[in-house]
Amino acid sequence: MKISSSQMFRNFNKWCLGLATALFMTGTFNSHAQGGDLFKAKCATCHQVFKDGTGPKLYQVRTKWEEGGAKEGSIIQWVQNWEVAAANDPYALQVSKVKASAMNAFPTLTEEQVISILDWVDEQEETVATASIARGAAASDVEEESSLGWVWIIIGAMFVVIILSVGGVRRQLKNAEAEASGSEFDASMSYSDEFKLWAWKNRKYVGLGGLIVVVSIVVTLFLGLYSIGVVEGYQPSQPINYPHSVHAGEAGIDCRYCHNSVTESKSAGIPSVNVCMNCHKQIAGTGEQVAEIQKIYDAAGWDPEAGVYTGKTQPIVWNKVHVLPDHVYFNHRQHVNVGGVDCKQCHGDMTQQMETAMVMPVEELNKIEGNVTLSKPTMTMGWCIECHHEKEVAMGPLYKEGGSEYYNEIHRRLMSGDKSLYSQYLEDGKVTVEELGGWECAKCHY
Amino acid sequence: MKMKFRILGGLAIAAATTVILGSCTADPDSAGLEYMPDMYRSPAIEPYVDYGQVRETENVDMKMSLSAMTPPFGSVPYYGTDSLEVALMLPYHRKANIAFRQTHGMFDDELSLDDTYKMAAADNNPMPLPTDEDALKSFFANGKVLFENNCSHCHGVKGNGQGEMMVTGKFAGVPDYANLTDLSDGQMFYSIYYGKGSMGAHRSIINKKEIWTIVHYIKKLQDSDYGSPNTGVDSQEVAEVTEDDQ
């Protein structure tokens, strides 16, 4: 066996470290590090230290067996081959019925190795999940914000009342003054008469002001009409506070794992709960996550305490975010498979999305590298049309061998027929979706 | 008297303004006004559409109910006329073990009392590897895409069990494929299809053909020579065994 000098140095280091540990824990030393490695390699697939998973928790499992009346050494035999142990020890036989799924046999593990694993497990210390204080703070923030609106309304109402009562007092004072001076005050003159008189006196300013008011009302009205059907920034509330940043960002899960029908179907798909459970069967979260993840467990019918499915399921009612009217046809498969469009072109960088999903404003989408820059609001027809006008089909599989037959056929016809059309298309250096019929009404409306 | 009325009137206006302004908060779950609501929601059934209100009629029983449905039990989609393709896609012939009811929530399945995982060791990959070198390359490229979409966040791009989920410490206990070289094709398929231990069933995400492709790709990860014509693996042989199987 060849050992390079660096390897030797590392081995020497390890040896030194081992010696130091041995000096510290004279007598009780055995290779616990090996136990940890073995645990991770062999046991961790099914067993956790402090929590029941596929298999029961292993912390203090030897004490548990002893107290249960198991024969000595029976647990070692169990790890090596549980069927043998179950045949020899009534307690082991009883244990074999605890979990529905049978444990694997590990005949290659020696007795020392099993002991080192169990030693390592018993040495672990449980990290207590600290209750998050941040959540309380965040909640009170939200409350303050909503109550702030009411404060403004009340202040406004108070001002209106003050102005009206001051006006009334002023009028009464005027009346009193007129009475005192003896001159006749026209009591029949109402507020509106007074206002008319005042307006006539200052007709220049009133006219100008009136014009400004009318123009601004008209402009606001039109802007309001333009905003009908524009859903940019639409972020409906969701039953579960799901952060895409944790899943797609930190955990590195591909979009297509959860939205797996995106390459097969018109709709990208909301993952069914069993897809959530692929990971969350093990990940119960800490702090404020616990309550959110419990909602998945309720939906899937998973009892995290017992570690079994109960069969009592209930649906999660998500709110749809990207809603297209029925008179528009949109197909994810066509865009992702054939067009080669990346998810972030339309949905933005979800690895940074810490809140629930929303319709990304076009300004945000334009900031992302590699996106076609667009000017119209997201999810409007102008936005679609603009992209079809800009997007080069060559970026998709138009020229790819074995690519979409649809575009290959169009390409063949372009090449075999009148070349002038093709060269006309290529004037701006690219063949766009529009030039291949991406602007035809019936493509999206029928 | 008249003055009192005026003050009362002023107060009434102020109160009305307060109420009107107060009701001006937008519903965060509404996407806003629609120009032509009757063109927004049609009676045609589509997934993820709430059919509680179609045009002007309201259906109380349909409100907030599922519109994306699972197909009826036992229905088989049409897979075309290519016999190999059809054989690949027809329902998996092995039922899950009865334990999967509690461990993987398979309450709607027909389950088996036998140890079907052990029995699955007899199954061979029914998908022949292409003999042509370019076709083989693109076959494994396809397998790589499938693997990286569906597996690598836990199992790691190289299959060493060091995916992002593991590296960030979110998940624990993913094995290294290098330690699983004696695992048979059939058992790999069974584990992906029905799940195993902490791993969930992936049959709802990827179809049988894709799973067998992934099984080939995992073999390739374990042995970089897998599938190349000069090594022992003979794709012809694999195909023959499959025919016997069915």
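Leaving aside residues up to four places away in sequence, Ala68(B) touches Pro47(B) and Tyr48(B), where contact requires C-beta atoms, placed from the backbone, to lie within 7 Å. The model is predicted: local features need pLDDT of at least 70, side-chain atom pairs count only at pLDDT 80 or more, and totals for chains, interfaces and linings use all residues. Residues are numbered from 1 along each chain as its sequence is written, while chains are lettered from A and ligands numbered from 1 in the order in which they are written.

- Ala68(B) belongs to the loop between β2 (57–58) and α3 (83–89) of chain B; helices (H or I, at least four residues) and strands (E, at least two) are DSSP runs numbered from the N terminus.
- Ala68(B) is partly exposed because 14 other C-beta atoms lie within 10 Å; a residue is buried with 20 or more other C-beta atoms within 10 Å of its own, exposed with 12 or fewer, and partly exposed in between.
- A distance of 7.3 Å separates the C-alpha atoms of Ala68(B) and Glu46(B), which are 22 residues apart along the chain.

- Chain B contains 11 helices and 2 strands, arranged along the sequence as α-α-β-β-α-α-α-α-α-α-α-α-α.
- Of the 246 residues in chain B, 25% are buried.
- Helix α6 (residues 133–150) and helix α10 (residues 208–222), both of chain B, have axes that come within 9 Å and cross at roughly 100°; axes are lines fitted to C-alpha atoms, for helices over the stretch in contact, and angles run from 0 to 180 degrees between N-to-C directions.
- The helices α6(B) and α10(B) are therefore roughly perpendicular to each other, a label for angles of 65 to 115 degrees, with those under 35 roughly parallel, those over 145 roughly antiparallel and the rest oblique.
- Residues of α6(B) in this contact include Phe140(B), Leu146(B) and Phe147(B), and those of α10(B) include Ile214(B), Tyr217(B) and Lys220(B).
- The contact of α6(B) with α10(B) comprises 5 nonpolar, 4 polar and 3 charged residues; Ala, Val, Leu, Ile, Met, Phe, Trp, Tyr, Cys and Pro count as nonpolar, Asp, Glu, Lys and Arg as charged, and the others, Gly among them, as polar.

**Chain A**
- Chain A has 21 helices and 2 strands, and 18% of its 446 residues count as buried.
- Helix α7 (residues 111–123) of chain A has 13 residues and should span 18 Å at 1.5 Å a residue, which agrees with its end C-alpha atoms being 18 Å apart; the expected span is 1.5 Å times one less than the number of residues.
- Buried residues in α7(A) include Val114(A), Ile117(A) and Trp120(A).
- Gln60(A), not a glycine, has a positive phi near 55° and sits in the loop between α2 (32–43) and α3 (61–68) of chain A.
- Met379(A), also not a glycine, has a positive phi of about 70°, and this residue is buried, with 23 other C-beta atoms within 10 Å.

**Contact between the chains**
- Chain A contributes 54 residues to the contact and chain B contributes 52 residues.
- On the side of chain A that touches chain B, the largest share, 7 residues, comes from α8(A).
- That side of chain A has 29 nonpolar, 19 polar and 6 charged residues.

Methods
Contact = placed C-beta atoms within 7 Å.
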